Amino acid sequence: MTAFLASIGYNGWILHVLLALPLIGVVPLVLAPAERAKRIALAVTLVEFILSVGLWWSVETISGTLQLTSSTPWIAAWGISYAVGIDGISLMMVLLTTLLMPLCVLGSWNYIGQKERGYYAMLLTLITGVIGVFVATDLFLFYVFWEVMLIPMYFIIGIWGGKNRLYAAIKFFIFTMAGSLLMLVAILALAWSVAAKTGTLSFDYTHLLANAGAAKALAPWLFGAFALAFAIKVPIFPFHTWLPDAHVEAPTAGSVLLAAVLLKMGTYGFLRFAVPFFPSVAASPFVTNLMLVLAVVGIVYGALVAMVQPDIKKLVAYSSVSHLGFVMLGIWAATVQSVQGAIMVMIGHGLSTGALFFLVGMLYERRHTREISAYGGIAKVVPVFSLLFGIVALSSIGLPGLNGFVGEFLVLLGSFGVHPVSTGIATTGVIFAAAYLLWAMQRILFNKLDKRENEALTDLSGRELAVMLPLILGIVWLGLYPKPVLLKIQPAAFKYVESVRGGPAALDLVQRPQEPGR
Amino acid sequence: MLLGPSLLVSAILFTIGVVGVMLRRNAIVLFMCIELMLNAVNLTFVALSQVLGLGGQVMVFFVMTVAAAEAAVGLAIILAIFRHTRSVDLKNINLLQG
Amino acid sequence: MTFSLLAALPQVGEMTVATGAARWVWLAVAFPLVGFLVNGALALKRPEAKTAVSVVGTGVLLAAFAVAATVFVQLRGHPPDAPIIVSLWSWIVSTGMDIQFAFQVDQLSVVMLLVVTGVGSLIHIFSVGYMRADAGYARYFAYLNLFVAFMLVLVLGSNLPVLFIGWEGVGLCSYLLISFWYGDKANADAGKKAFLVNRIGDLGVLIAMFLLWWQVRSLEFVTIAARVPGTLPVDGGIIIAITLFLFLGCVGKSAQIPLYTWLPDAMAGPTPVSALIHAATMVTAGVYLVARNSVLFAMAPTTSMVVAGIGALTALFAASIGLRQYDIKKVLAYSTVSQLGYMFLAVGTGAYVAGVFHLVTHAFFKALLFLGSGSVIHAMHHAYHATHSHEDAQDMRNMGGLRKYMPWTFGLMLIATLAIAGVAPLSGFFSKDEILAAAFGRGETHKIWLLFWGMGLAAALMTAYYMMRLMAMTFLGDNRTGAKEREHLHEAPWIMTGPLVVLGLLSLIGGVINLPAFFPAGPHHVLDGWLEPVVAAASRLMPVAMPHGATEWALIGGAVTIAAVGLVLGWKLTLANPIPTAHDAPEDTGFARVLFRKYYVDEIYDALIVRPLVAFSRVVLWKGVDQGLIDGVGANGSAGLARALGWIGSRLQTGQLGFYVVVFLIGAVWLLRTVAQ
Amino acid sequence: MMPIDLQTPSGVTLALLPEILVCAGAMLVLMVNAWKHHTGADSRLAGKVALASLIPAAAALAWLWAGGAEPEGRPFMVALDGFRFASLALILIATAATILLSFGYLEREGLIAPEYYSLLLFAASGMMFMAGAEDLMVLFLGLEVMSVSVYVLAGFNRGSIFSAEAALKYFLVGAFASAFLLYGIALLWGATGQTGLSGIGERLAGGELPLMGKLGLGLLLIGMGFKVAAVPFHMWAPDVYDGSPTPIAGFMATGVKAAGFLALVRILYVAVPDAASTWQPVVAALAVASMVVGNLVALSQRSLKRMLAYSSIAHAGYLLTALWPGTRLGAGAVVIYLAAYVLTTVAAFGILGVLGKGGERDVTLDSVAGLSKRHPWLAFALTVCMLSLLGFPGTFGFVGKWAILSGVVGARHILLAVILVVTSLISAGYYLPVIMAAYMRDAGAEDPLGGRRFDRAGVVTVAVAITVILVLGVLPGSVLNSAIEIAGTLVRTGGSSLVGIGR
């Protein structure tokens with residue numbers, strides 16, 4: 001396979017094509033008549049996915065460094081270049097995005113009634129924005145993609161959203177923008193202090209990473225700015241209130257993408273930019289303890305509040321806060337297992353929460369309500385739906401054998417050695433996760449079928465099954481045989497731990513000197 | 001040479017003009033105070049030209065012509081506002097606010 | 001700095017490469033899994049194909065049993081000196097970690113394999129008859145097969161994570177099967193309660209795994225057993241923590257105090273489910289876990305004491321509740337909790353073999369009791385159904401005198417009752433006696449064990465009493481079901497009583513597995529010999545002093561008399577005065593009421609933990625912190641503040657020119673002052 | 001290079017060719033008005049003539065700029081450097097755009113007043129003198145010519161009392177402020193004996209500014225502060241923008257403000273570069289005040305026009321921040337941001353002009369609701385304008401903001417950068433609702449444009465402006481380089497490469 005890819009020079013053009021294709025796809029889409037829009041969108045996203053699958057073989061992540069890098073000057077005066085590259089983490093995120101996109105298009109087939117062309121155009125631009133964030137290796141380009149990605153999401157929530165979509169859309173926009181503007185100043189300050197030391201002003205990631213020491217004096221502030229921008233996006237505990245509103249109002253595809261991919265840009269930011277740039281600040285006791293407390297609070301708080309939500313989408317939104325609390329715990333424990341686990345949770349959460357939102361969307365298409373109390377005992381009427389809902393809920397709870405467990409297990413195992421107490425408390429999050437999801441599942445699927453409208457529910461159509469199948473397969477596959485994915489992301493995790501714990505000495509802390517056991 | 005005292009007198013004149021603009025409510029009186037301020041500056045120019053040569057006095061002519069032009073246009077504008085509000089009292093010319 | 005990710009990790013601790021039948025042990029798991037998939041598909045697509053379902057369902061179990069038997073024979077033929085590891089694929093891989101999805105075949109897992117598949121097959125056959133009339137027949141068998149598959153993964157797992165897959169998997173299946181008739185809310189609640197309480201236990205197993213990993217860098221049972229004695233100090237803080245957390249898992253899964261409340265509610269599920277999951281297999285997983293990690297528990301005497309203590313306490317506590325229950329299945333449920341208490345008492349004292357022995361015998365007679373009660377309830381349902389009455393088919397006060405209508409069930413359940421009470425030649429006597437003897441023996445060195453022994457003895461007395469009370473109320477005395485229903489009462493069909501007969505036989509001769517020395521005939525200490533390699537290391541660390549000679553005989557005498565007294569009392573007292581039927585029975589009063597209401601433990605939990613937690617998260621967390629603090633003050637607050645400031649600013653824009661000039665001048669003065677400095 | 005001796009009359013005329021041509025154009029329009037001032041067609045003709053007269057001026061400018069004209073000896077009365085040519089270009093663009101937008105507007109408002117265009121050209125010539133002035137007196141005269149014409153233009157709509165009130169307020173506070181300016185010039189002349197900027201620069205080189213000079217500079221800053229509507233001298237701006245006709249409000253926001261800033265840059269960077277320690281704190285304070293007050297008060301505005309007025313005050317704050325470093329990068333940032341700001345504001349006021357009638361004081365968010373359904377392209381243009389004003393990546397506004405931030409962060413003043421960033425976040429609070437209204441709210445029954453048609457000239461201007469904003473937003477490379485190079489001609493000191501710009 002790699003030979004075939006090499007023969008067509010795959011490595012050279014793939015990243016640029018992945019970025020350009022959706023934008024090119026927007027043109028025919030906008031010109032075509034409204035009802036053809038979704039077919040074109042589906043075609044474009046499918047082609048995008050098929051192309052991106054080649055990345056799995058062509059990106060060789062053993063060395064942990066950036067692959068497939070290419071850089072062309074964009075604004076030479078300011079040392080800004082259009083530079084892209086990919087490593088273990090961004091590879092997984094790109095594949096997750098390209099996998100979910102066709103499903104989103106398929107998922108909102110008859111969900112979107114008005115202005116289809118605008119909707120699918122927004123979805124396509126969103127792909128470029130999101131993939132751009134994950135592959136950009138020039139800080140300016142990263143910042144531009146980070147902000148540009150806001151517009152399509154803003155319109156998706158704002159125009160095709162639910163009742164008070166305006167409030168949710170502007171809240172989403174301003175929350176994210178608040179963080180990213182401070183990051184803009186931080187990027188500039190970092191670039192200028194590095195330029196003052198090295199003499200050349202450049203925003204290239206590797207260049208800045210090598211000389212990040214130059215901004216020693218400002219390091220705490222710069223780290224604070226980066227961390228705030230990513231904390232809002234993750235979201236970490238105090239900055240999370242935009243998520244439930246955005247999820248409740250967004251259409252299905254919007255919620256799926258928001259949960260599965262957009263949240264991961266925050267954690268990706270920590271892994272790629274915030275911590276490696278300022279390892280001394282990141283590893284300082286104050287920051288580590290603060291982040292750990294916020295992560296653990298996020299896990300428990302997210303789970304507890306999810307338990308009492310009357311609206312199913314809000315419940316899943318708070319569960320995302322809880323799951324991403326695990327990712328943050330993993331990142332800040334900074335052992336190879338915990339970081340690898342964090343990345344696995346990022347992928348796993350993407351699949352299971354994406355699937356959960358699709359299912360909730362399908363319910364909403366039938367009953368037009370998200371209140372849990374409006375359902376009850378529908379397992380009798382829609383068995384296939386209940387089976388899928390069960391599997392996805394169990395994977396989200398972290399049942400061993402499904403994908404949720406692998407990530408959470410590695411995170412907790414990895415963090416336990418370094419922070420036993422906070423990991424212990426975080427593990428209770430596993431109980432609350434079971435509590436809120438099972439309770440919701442019971443109130444929807446089981447109990448008495450007493451409402452007349454529920455009896456008329458139709459089971460999943462062929463299209464809806466096609467949407468769910470890849471996700472269910474992914475959930476079971478990652479649960480039982482995660483090895484290839486784990487190996488792909490391990491070097492990146494190792495390199496991250498090395499950067500945080502300062503040099504190869506990291507290995508001994510990570511694992512006892514005697515030979516590794518099985 | 002009296003440079004110091006003349007500068008002082010022009011400064012006082014200028015301040016009187018400013019206070020006049022601040023306190024009076026009639027548009028025309030306001031304009032007259034502004035003219036007063038301009039003349040105060042003329043005085044400064046003339047005083048300084050004793051030291052720095054005749055350039056200052058040439059500048060006075062510039063200022064005079066500019067003040068004249070301003071007067072013409074200003075009074076036309078005040079006339080226009082009078083046509084609308086039948087009064088030039090600035091207190092009740094406050095339709096544009098907020 | 002490239003490094004080879006998967007350096008050929010040398011295996012610490014002996015292990016033999018799988019040869020012969022052992023290599024095919026994964027088939028035992030594959031068969032029920034295939035059964036689940038087939039039945040699951042049938043359930044979705046064609047639920048009415050009942051014969052196909054029953055053939056697949058039971059056939060798959062019998063195949064698994066056959067595999068278990070062949071593996072047993074191979075192991076018996078030439079026992080391997082170390083556990084056979086069959087590694088299927090490497091599951092979780094990271095730097096210095098390579099957790100394999102592997103099965104471990106050794107003497108202990110084969111015993112469990114035989115019990116699970118054997119008793120499982122019998123219960124599947126029984127279910128064919130019991131569930132025939134149910135619409136969700138295919139779904140039922142799918143869940144049952146999935147349960148057996150997960151149980152086998154639990155039993156065969158060669159490392160803690162794989163065991164954990166089985167551990168949570170069985171929790172899931174018990175959730176699905178308890179709320180099988182999810183139509184009514186009580187069943188669904190019971191299922192959810194079971195899963196959540198198990199989950200609390202699983203928290204313990206997880207933390208134990210992390211502790212173990214960070215101490216010995218491995219989670220393989222073989223490696224742990226080899227490495228822990230060298231690395232961790234005996235009775236040190238860490239080993240105690242590890243074992244205590246493991247025990248927390250066992251308490252959750254095997255329904256010991258304080259996490260036992262889910263088991264009685266689990267009776268909401270179909271009776272064969274109660275027999276399989278909540279009597280024979282799943283609840284014994286805790287005992288298996290302790291036996292499997294016997295080395296760890298042997299190295300932590302304090303934890304063993306705690307295990308034994310809780311075991312004894314649970315035995316006594318549950319037995320006391322059992323005295324006053326009227327629902328036949330509730331009595332059996334509390335009896336199970338009590339018997340599990342015995343097993344933990346055994347493994348707590350270090351007598352791992354006794355624990356396993358009682359596990360096996362208990363599986364036989366408790367399954368028999370449950371299935372028997374299943375036949376009774378089936379008959380009662382049939383009768384009540386015929387006359388459309390809405391009496392509770394499980395309430396013993398509506399039964400009575402069923403001996404005449406269900407002779408076979410009566411006879412077999414009598415055997416089981418005698419076995420569980422500990423009457424001489426039956427299996428229960430040997431296993432329970434060995435446990436009490438071990439506890440008494442341990443009493444010499446640690447006085448507290450005598451207390452545990454006493455509690456065990458008292459529990460035995462109560463066990464005999466409530467079992468006889470159950471038999472008396474159900475089968476003896478005169479029938480209270482009601483005139484019309486009486487003719488419809490008849491023996492269960494052969495498909496249901498068949499398995500009962502087999503189980504009856506096993507309960508009778510079950511003792512032969514591990515006959516004590518003093519017993520005149522037959523092979524002695526077979527199970528001891530069989531499990532010797534597994535528990536050798538542990539028994540070296542914590543030897544068990546079995547009493548001999550006079551004390552031994554005294555103990556046996558005491559046990560037999562206790563059993564006899566309990567049985568007679570149970571019989572006489574229940575039948576002393578006529579028992580009112582359920583709907584006109586007076587409310588119990590005084591201590592009897594407390595026992596009937598299960599010491600109000602459920603209500604206490606609900607009031608102390610569940611309700612405050614939910615209220616706290618709704619009022620304080622969600623409304624208070626989330627909407628009030630962060631949104632109210634933070635987001636909307638700051639937006640409102642900005643808007644207010646803006647409004648003030650626009651109010652300042654009064655339109656008065658004079659005011660503009662004033663502001664202009666203030667600015668001018670300030671500017672000139674700053675410039676002048 | 002093409003040396004021009006500014007001492008000789010022929011040299012001066014050559015240097016001032018663009019300004020002269022614009023004045024000639026204005027005269028020509030006046031001549032045309034003398035005969036034809038009765039019908040709508042007449043005023044359209046006057047407009048066409050005005051537009052036509054801009055072309056030779058632009059040609060002359062291009063000839064001078066391409067030829068690389070530079071003064072023979074010391075620059076005298078008028079600057080001859082890239083910075084001036086860029087300023088003139090900006091002003092010509094602003095004027096042309098305003099003329100194009102006024103065609104449709106005057107028709108819609110039913111104002112038949114051909115002298116409107118001559119006043120516009122006179123104002124433009126005033127601005128060109130002011131922006132290119134090398135001498136303080138030339139600056140003063142240019143400023144006065146501009147101001148007087150714009151005072152009249154503000155009150156042009158004789159029928160509406162608002163226009164009259166706007167003119168009055170603008171005139172009174174304007175004259176008041178120019179008196180301050182003049183007094184500043186007098187004191188500066190007194191302190192240095194020079195009125196030429198580079199002359200003052202040499203005189204003060206290295207030395208501490210005497211007290212009289214400092215006061216002079218202070219008064220000068222007050223005068224210029226008024227002209228660019230920086231807080232606290234901004235109180236006039238919202239009312240005057242609100243009252244005056246929309247194209248004129250646009251002209252004030254773009255042309256007048258641009259001329260003010262370009263003159264301010266020249267004064268601060270050429271005349272008093274070494275006295276930075278005196279004027280930098282003041283500029284910083286004015287910048288912060290303008291950004292904060294401008295953005296906050298804009299939040300609570302109902303009418304779009306007043307909101308744009310306050311937003312232009314906020315932009316004055318951003319430009320002052322750009323001005324603050326006093327380095328070549330700072331000057332470059334001012335030029336780039338002015339270009340972005342002029343283009344976006346022109347488009348914004350152009351669209352606003354179509355949305356309302358009678359001075360557009362009644363145009364609020366509700367009148368924009370559901371614009372995207374009936375006029376998708378107009379809604380798109382409005383969205384791009386708002387995003388560019390917000391400084392959202394992908395638009396020229398962002399490139400401008402990036403330049404400002406680079407300049408400020410390069411000069412080690414992180415706090416100012418943070419304040420700029422936070423206040424522009426507040427600006428999202430009033431730019432986004434406009435986009436939301438256009439796209440996310442469903443339209444009322446009647447057509448938001450009330451049947452008015454967007455005339456061809458207006459459409460062309462807005463379309464060109466929007467495309468340039470987007471194109472330069474994505475590929476700003478060339479523009480940025482030339483801006484830095486232009487700034488280089490102004491600021492003698494400072495290293496060659498961008499980084500060496502420290503001072």
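## The nonpolar core

A nonpolar core is a set of buried Ala, Val, Leu, Ile, Met, Phe, Trp, Tyr and Cys residues that are joined through C-beta atoms within 7 Å. In this predicted model, the largest such core has 742 residues. The residues with the most contacts inside this core are A:Val185, C:Ala367 and D:Tyr337. Helix α7 of chain D, residues 161–192, gives the most to the core, with 23 residues.

Which residues does D:Tyr337 touch, leaving out those up to four places away in sequence? They are D:Tyr318, D:Leu319 and D:Ala322, together with D:Gly400, D:Ala403 and D:Ile404.

## Where chain A meets chain C

The contact between these two chains takes 57 residues from chain A and 56 residues from chain C. On the chain A side, at least two residues each come from α14 (285–307), α16 (336–367), α17 (383–397), α18 (403–418), α19 (420–445) and α22 (483–501). Which helix gives the most to this side? It is α19(A), with 11 residues.

Sorted by class, the side of chain A that touches chain C has 35 nonpolar residues, 16 polar residues and 6 charged residues.

## Where chain C meets chain D

Here 23 residues of chain C and 29 residues of chain D take part in the contact. On the chain C side, α24 (601–652) and α25 (657–676) each supply at least two residues. The largest share of that side comes from α25(C), with 13 residues.

## Chain B

Chain B has 3 helices and 0 strands, and its pattern along the sequence is α-α-α. Why is chain B described as more spread out than a compact globule? For 98 residues the globule rule gives 13 Å, but the radius of gyration of chain B is 17 Å, which is well over that value, so the chain is more spread out than a compact globule. Taken along the principal axes, the box filled by the C-alpha atoms of chain B is roughly 50 × 25 × 20 Å.

Of the 98 residues in chain B, 33% are buried. Among the contacts in chain B with a separation of 6 or more, 46% are between residues 24 or more positions apart.

How values were computed:
Residues are numbered from 1 along each chain as its sequence is written. Chains are lettered from A and ligands numbered from 1 in the order in which they are written. This is a predicted model: local features need pLDDT of at least 70, side-chain atom pairs count only at pLDDT 80 or more; totals for chains, interfaces and linings use all residues. Two residues are in contact if their C-beta atoms, placed from the backbone, lie within 7 Å. Helices (H or I, at least four residues) and strands (E, at least two) are DSSP runs, numbered from the N terminus. Ala, Val, Leu, Ile, Met, Phe, Trp, Tyr, Cys and Pro count as nonpolar, Asp, Glu, Lys and Arg as charged, and the others, Gly among them, as polar. The radius of gyration is taken over C-alpha atoms; the globule rule is 2.2 Å times the number of residues to the power 0.38. A residue is buried if 20 or more other C-beta atoms lie within 10 Å of its own, exposed if 12 or fewer, and partly exposed in between; C-beta atoms are placed from the backbone.
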